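Welcome! Here is a short tour of how some side chains sit together in this structure.

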Amino acid sequence: EDIIIQKLEGILKKNHIQKKPLSNKEIQALLDELEVDSFFEFLAEMMRLIKSLNLTNQEIQTKLSSLKDQFRANRFLRIIIPLMREYTLFLEKNEEIDFEDMIIKAYESIYTKSSKARDNFTYSYLLVDEFQDLSKGRYELLSALKEMGDSELYGVGDDWQSINRFAGADISNTLDFKENFKENIYLSSANNEADDISSIQAKNPVEVFSVTQTHRCSKNIAKLASEFIQSNSDQWKKDIVSKQTINSEIKFVEIDEYSSKFLLRVLKEIPVDEKRKKVAIIYPYHYLSSKINFKELQDNFPKLKIGHNSIHQFKGLEADHVIVIGLDSGQFGFPRLWNDDPLRN
């Protein structure tokens, strides 16, 4: 309820205990010992989210008032509103705009155009890639462009790859595609004339197609991934079919720590043949590789070509065998519980 400070001060006063607050420097020294996200990076991310949603101060306040932890919500509110105000003034003073402004100002520009300008907008097709990454602002801009040009929309996206929520992406824009972009087209049964109302029928021209074949992974990986993803009832159901044959079995191994000692044991499980197999060791966070001597691993297995990188940077690449470390639960696990911060949500 955000009354803990008053409660504690009351107890101290009742027991005649003098407060001895730590200095900002001492507080920062204690924080530096903890493994926490950069506070400034968090603020920058929150500012981008607020701008991408085009929220007013009142809307920010209303959203924060619904949180259970009002202690934290109120302190964040004290920071974020003045910060957004100063940031806006800074941009105006320097005659600059940021990426979110490009979307917002483009959207506003469409609705201030004259009817003549609208008549000159002649695009027939709007093609959108990575449709699942549409934020509220981008969706509104797209809808305005479609309406202004009376154009056809073709979107390519995958609700199974909705990982950009931190940047304001709203997966409902994909899941509700049919509803959001449906139109009523009236067709007459004779000579395209709609004099007789009984001859008119409404038609919904929106169609959704699923690409169900994959060439990127084997059947056992496609099967396991599909079952895992579709445990979420909000995902579209798809039957993914792999064009590859079944490869090595997927194995789960529990180890005591992420070090050279334990990875040497895991690498021994990889069968060696004439061809020099490519092995990728990947991890969600770079610090997990600090105890691993990759040169030692390579020296012990000269018939393997061993590489390593973060999961994010390895995206789109391939290897004969992939070892994923860091599949732990907890605040700094994978997926990371910290990403479910109530403020961000």
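Tyr287 is partly exposed, with a relative accessible area of 39%; here buried means under 20% relative accessible area, exposed over 50%, and partly exposed in between (1.4 Å probe, protein chains only). Tyr285, by contrast, is buried, at 15%. The model is predicted, so local features need pLDDT of at least 70 and side-chain atom pairs count only at pLDDT 80 or more, while totals for chains, interfaces and linings use all residues. Residues are numbered from 1 along each chain as its sequence is written, and side-chain values use heavy atoms, leaving out hydrogens and water.

Now to the aromatic rings. Rings of Phe, Tyr and Trp (its six-membered ring) pair if their centres lie within 6.5 Å; planes under 30 degrees apart count as stacked, over 60 as edge-to-face and the rest as tilted. The count comes to 6 aromatic pairs, and two of them are set out here.

| Pair | Centre to centre | Angle between planes | Type |
|---|---|---|---|
| Phe131 and Phe181 | 6.3 Å | 70° | edge-to-face |
| Tyr285 and Tyr287 | 6.0 Å | 5° | stacked |

Phe131 lies in the loop between strand 1 (125–128) and helix 8 (136–149), and Phe181 in the loop between helix 10 (177–180) and strand 3 (185–187), so the pair links parts of the chain 50 residues apart. Helices (H or I, at least four residues) and strands (E, at least two) are DSSP runs, numbered from the N terminus. Both Phe131 and Phe181 are buried. Ring pairs also join them with Tyr139 and Phe177 in a cluster.

The largest one has 19 residues, and Leu267, Leu297, Ile306, Ile323 and Ile325 have the most contacts inside it. Helix 12 (260–267), strand 7 (277–283), helix 13 (294–300) and strand 8 (304–310) each give two or more residues to this core. Helix 12 provides the largest share, 4 residues. Not counting residues up to four places away in sequence, Ile306 touches Leu267, Val279, Ile281, Leu297, Gln298 and Phe301, where contact means heavy atoms within 4.5 Å.

Technical notes. Core = buried A, V, L, I, M, F, W, Y, C linked by side-chain atoms within 4.5 Å.
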